[in-house]
Amino acid sequence: MRLWAILLFSIAGVFIVDQNIKTLFVEGFRYYTECIDFILVYNKGVAFSMFASLGEYLKYIQLVLVLGVFGYIIYLKKLCYAFPTGIIIGGALSNIYDRFIHGGVVDMVYWHCGFDFAVFNFADVVIDIGVLWLLILNLKTHLCKN
């Protein structure tokens, strides 16, 4: 029961926070600095616009992958994986939701200090944190006792 609660609350929390941030930008918020601009970009692909050529199929492929990850975590029943997986799934579902509603993922953070970096969003950052967390749990198995 705790696994389900942690998983579902982390999914919902990331999804809600990310969608609220994105709403600000869809409604017109912009801010510019010397190193970081907060702008609105619709990304039709994944990281660095890869797989944009898949078009409408991309969101369905991603949805199947996310459901597979969700099912696998439920199957494993490891409580230590619940939160990092929940934030990954929450971010992924938020980005997939964008594809259905806006035709592409709403990205807004543009780093351009010293070099140009891809435009990204809160969900992308949370997904990266979740993946790093899972890597650490798998490399340091003593941290995951159940």
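This is a predicted model: local features need pLDDT of at least 70, side-chain atom pairs count only at pLDDT 80 or more; totals for chains, interfaces and linings use all residues.
**The core**

Begin by selecting Tyr81 and Leu137, the residues with the most contacts inside the largest nonpolar core, a set of 15 residues. Then colour α1 (2-26), α2 (57-76), α3 (82-102) and α4 (122-139), each of which supplies at least two residues of this core. The greatest contribution comes from α3, with 4 residues.

Keep Leu137 selected and display its surroundings. Leaving aside residues up to four places away in sequence, Leu137 touches Cys80, Tyr81, Pro84, Leu143 and Cys144.

**Helix α4**

Select α4 next. Show the side chains of Ala123, Val126, Ile127, Gly130, Leu134 and Leu137, which are buried. These residues lie on the same side of α4, because they cover an arc of only 105° around the axis. On the other side of α4, select Asp128 and Leu139, which are exposed. To see what the buried residues of α4 pack against, bring α1 and α3 into view.

Move to the N-terminal end of α4 and select Asn121. This residue caps the helix: one of its side-chain oxygens lies 3.0 Å from the backbone nitrogen of Ala123.

**Helix α2**

Turn to α2, whose 20 residues should span 28 Å at 1.5 Å a residue; the end C-alpha atoms are 29 Å apart, in agreement. Which residues of α2 are buried? Select Leu58, Lys59, Gln62, Val66, Phe70 and Ile73. An arc of only 105° around the axis holds them, which puts them on the same side of α2. The face turned away from this buried side carries Tyr57, Val64, Leu67 and Tyr75, which are exposed. The buried residues of α2 pack against α1 and α3. Just after α2, select Lys77, which takes a positive phi of about 60°.

**Helix α3**

Select α3 and inspect its burial. This helix is mostly covered, with 15 of its 21 residues buried. Continue to Gly103, which follows α3 and has a positive phi, near 85°.

**The disulfides**

Finally, display the cysteine sulfur atoms; the count comes to 2 disulfides. Select Cys35 and Cys113, whose sulfur atoms are 2.2 Å apart in a disulfide. Cys35 lies in the loop between β1 (31-32) and β2 (36-43), and Cys113 in the loop between β3 (105-111) and α4, so this pair ties together parts that are 78 residues apart in sequence. Cys35 is partly exposed at 25% relative accessibility, and Cys113 is partly exposed at 30%.

Now select Cys80 and Cys144, joined by a disulfide with an S to S distance of 1.6 Å. Cys80 lies in the loop between α2 and α3, and Cys144 in the segment after α4, so the pair ties together parts 64 residues apart in sequence. Are these two cysteines buried or exposed? Both Cys80 and Cys144 are buried. The torsion about their S-S bond is about -45°, so the disulfide is left-handed.

With the bonded cysteines of the protein numbered in sequence order, the pairing reads 1-3, 2-4.

How values were computed: Residues are numbered from 1 along each chain as its sequence is written. Side-chain values use heavy atoms; hydrogens and water are left out. A nonpolar core is a set of buried Ala, Val, Leu, Ile, Met, Phe, Trp, Tyr and Cys residues joined through side-chain atoms within 4.5 Å. Buried means under 20% relative accessible area, exposed over 50%, partly exposed in between (1.4 Å probe, protein chains only). Contact means heavy atoms within 4.5 Å. The arc is that of the directions from the helix axis to the C-beta atoms. A polar contact is a pair of N or O atoms within 3.5 Å; within protein, one must be able to donate a hydrogen and the other to accept it, and residues adjacent in sequence count only if both atoms are side-chain atoms. The expected span of a helix is 1.5 Å times one less than its number of residues. A disulfide is a pair of cysteine sulfur atoms within 2.5 Å.
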